[in-house]
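Please look over the chain shown here before reading on. The paragraphs that follow begin with one element and then widen to the whole.

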Amino acid sequence: MITPQLTPQESVLARQQTNQSLRIAERNLESARRKNRSATQSDLVTKSRGFIQDAREAAQIADWSRARSLANKAQVLSEELASSL
């Protein structure tokens, strides 16, 4: 797989953005954990968790561009979930 090369500054920023998105997504999922959810909301939980896991895997290999993108997707889905509860 070909990954875009980020400058050191871009890598730092992408890592920070990844971590921030992951924190927000995890907080939103935690707040939804003990609530009754519809099928659609449960699907959002599943998809968000998948993106979180994929983002963490990308971060482990320092693919910060991919990690940031996946973490952002998790954040967006988790925010959609949170607003629907």
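Helix 3, which covers residues 64–84 and so counts 21 residues, reaches 30 Å from its first C-alpha to its last, close to the 30 Å expected at 1.5 Å a residue. The model discussed here is a predicted one, and the values given below are computed from it.

Which residues of helix 3 are buried? They are Trp64, Ala67, Leu70, Ala71, Ala74, Gln75, Leu77, Ser78 and Leu81. An α-helix has 3.6 residues a turn, so residues three or four places apart point the same way. As for what covers the buried residues of helix 3, the cover includes helix 1 and helix 2.

Serine 48 lies in helix 2, which runs over residues 39–60, and serine 48 counts as buried because its relative accessibility is 0%, where the cut-off for burial is under 20%. Once its neighbours within four places in sequence are set aside, serine 48 is in contact with Leu29, Ala74, Leu77 and Ser78.

Helix 1, which spans residues 8–32, holds asparagine 19. Is asparagine 19 buried, exposed or partly exposed? With a relative accessible area of 34%, asparagine 19 is partly exposed, because that class lies between the 20% limit for buried and the 50% limit for exposed. Asparagine 19 and alanine 39 are 20 residues apart in sequence, and their C-alpha atoms are 28 Å apart in space.

Taken as a whole, the chain has three helices and zero strands, and its elements, read from the N terminus, follow the order α-α-α. Along the principal axes, the C-alpha atoms fill a box of roughly 45 × 20 × 15 Å. Of the contacts in the chain with a separation of 6 or more, 74% are between residues 24 or more positions apart.

The chain has 85 residues, of which 31% are buried, while its accessible surface comes to about 5600 Å², with 48% of that area belonging to carbon and sulfur atoms. As to charge, the chain carries 13 positive and 9 negative side chains, and the centres of the two sets lie 5 Å apart.

Key: Residues numbered from 1 in each chain as written. Predicted model: local features only at pLDDT ≥ 70, side-chain atom pairs only at ≥ 80, totals over all residues. Heavy atoms only, no water. Helix = DSSP H or I, 4+ residues; strand = E, 2+ residues; numbered from the N terminus. Buried < 20%, exposed > 50% of the residue type's maximum accessible area, 1.4 Å probe, protein only. Contact = heavy atoms within 4.5 Å. Areas by Shrake-Rupley, 256 points an atom, 1.4 Å probe, with all protein chains shown as cover. Lys, Arg positive; Asp, Glu negative; His and termini not counted. Charge placed at Lys NZ, Arg CZ, Asp CG, Glu CD. Expected span 1.5 Å × (residues − 1).
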